[in-house]
Amino acid sequence: MQLADVVPSLAGRIIGVFLVVLLLILLCPWFGYLRLPSSMRWWPSRPHGPLRALSLTLKEYTGSRSSEEGYREISKHGQPFALCNPSFYPQVLLPPEHVGWLLNQPEHVLSHEKANEDIHALPFLAPGFDNYDHLELIKAIRHDLTRNIANTEHALLDELEHAADEALGPAGDQSWREVRLAEVLDQIVFAACLRVFFGVSLSRDPKFVYQVKTFTRVTGAMMILVSQWVPWPLKPLVGLVAGLPIHYYWLRLIIHLYPTFQQRIQCLQTKTDPPPTDLVTWIVDLALARNPTKKVRISALVVRLTLISFLPVDVLIAMTQHLFLDLLSADPKHAYPDILRREAETAVSSKSHPMPQTESAIRESLRLHPLSDRMLSRRVVQRPGITLPSGQFLPRGTWLAVAAVGVHRDERNYPDPDEYQPFRFVGKGAGEENKGVLVPATSERFLAFGHGMHSCPGRWFGAHVMKVAVRVILMNYEFEPLDSRPENSVVGQTIIPPLDVQVRVRGRK
Ligand code: HEM
């Protein structure tokens, strides 16, 4: 047989296999539909044929409002509903009445960690990564960072003032200039967080800051791509390729941070000098306490540190952007920025901390623009599945969540829910208006930080950074109002503030 005879038949077979695989992938949304009980309601409609399932799935790519609309039409009446998902796998959204039940299910029945893997796609981007092992280090955020908010306040303030000066120009310069809001807040908030995490030498090291930011952007983008845009059968393959740049930046960050970690391990082991109060100390301390006899693997610690501290800074920046966009685009007759500025000046001069109006404004922007339109994600891991309080049976592997934007815009929870009312959380009772508002408090009605035992461990620190950043920026700078609130974009389920908004600003000193 000649080579020329074999090649076409081999090519034909490859094309044939490719087409069969493609067909199976395209049928996935419909297979997903068939797994759910026939009594399950769907939004916007039931995908009862393969083509319908595929077209509903493709519509979700550009970030539809299905979860919010489905909440209004179905969840509000106490029923769960399913929607198609760009991952080619349906998701069941539970009504508010089921939240207590959801939170009470143990990890071996409804897994938070497995749902997390679906959200950050690390099993595909970094197949060797053990997410459960990693949880221990989150205590450095939940306990140490939170406990040390007061101790790190001085450094935070110093860095915020320094970074604001660099990003917005000197506070003494009263000429108007135009800046890109996303860029300046990125500069200011990143600098402030890196200062608290690593101290001044690293937070002002341009090479390190560049590496951290590039890692964060690349990893965030790859996570969204693989978790939300790639059909599930293709995730292992796409994830391997998409993970390559992440590994490259991990390597660079390990090289950069290795000496700092080495010194810190020595410092904590020899106990000669007191260690600096920063995230490196807390993480090394946890690692040493966990395995006192074993050698600490610095590379593994750096990788985990990047995930629990760098990626969330991007969330914090996005939330600070929402806050400024809301404030600057509100009707100028309310003069909200002036009210917050006066409150900040009073708080600084009286050395008292509660800033209820600022805290309420932060909470209001988090309510209107949470990080994702779905929260409290879980995956059914119990075999063969689980029965919902509604009596419907969901097979193992089903994704569950709650429509957070729906909950936040439910008039039963918040009067005039679509209206921006920055002071809606300020206490209404006698004397209550001067009481602080607990920004990080979570509840079944406020899901911006999740709710229950898995809610965001960095929320106390995050809320504090936002408050001090608003104080520093508004006391030193003045902004021209915006004509209207620029639209967010929604990628899959992630809500992203507009990145190209220019604002006019000048110094006030
Ligand atoms: C305003 C800013 C922030 C918002 C809105 C926010 C929101 C969230 C949300 C919604 C979750 C998922 C909760 C769940 O799984 O139910 C989360 C998890 C997490 N956040 Fe935040 N976060 C913020 C700031 C921060 C900061 C500053 C840090 C660290 C310094 C941080 C560290 C984490 C970590 C480590 C997790 C994963 C927890 C786990 O897997 O158990 N967050 N955050």
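Visitor: Which residues lie closest to the ligand, and how many surround it?

Guide: A residue is near a molecule if its C-beta atom, placed from the backbone, lies within 6 Å of it. Here 25 residues surround the ligand, and the closest are Pro312, Gly450, Cys456, Gly458 and Gly462. Keep in mind that this is a predicted model: local features need pLDDT of at least 70, side-chain atom pairs count only at pLDDT 80 or more, and totals for chains, interfaces and linings use all residues. Residues are numbered from 1 along each chain as its sequence is written.

Visitor: Which element gives the largest share of that shell?

Guide: Helices (H or I, at least four residues) and strands (E, at least two) are DSSP runs, numbered from the N terminus. In this model α15 gives the largest share, six residues. At least two residues each come from α8 (139-147), α15 (298-329), β6 (374-380) and α19 (459-476).

Visitor: And how do I read the sheet? What is the order of its strands?

Guide: Strands of a sheet pair through backbone hydrogen bonds, either parallel or antiparallel. Two strands count as paired if DSSP finds at least two bridges between them. Here six strands make an open sheet, ordered β1-β2-β3-β9-β6-β4, with mixed pairing. β1 (41-42) and β4 (110-111) are at the edges with a single partner strand each, so one side of each has no neighbour in the sheet.

Visitor: How many bridges join β1 to β2?

Guide: Two, and the strands run parallel, with β2 covering residues 81-83. Tryptophan 42 sits opposite alanine 82 in β2.
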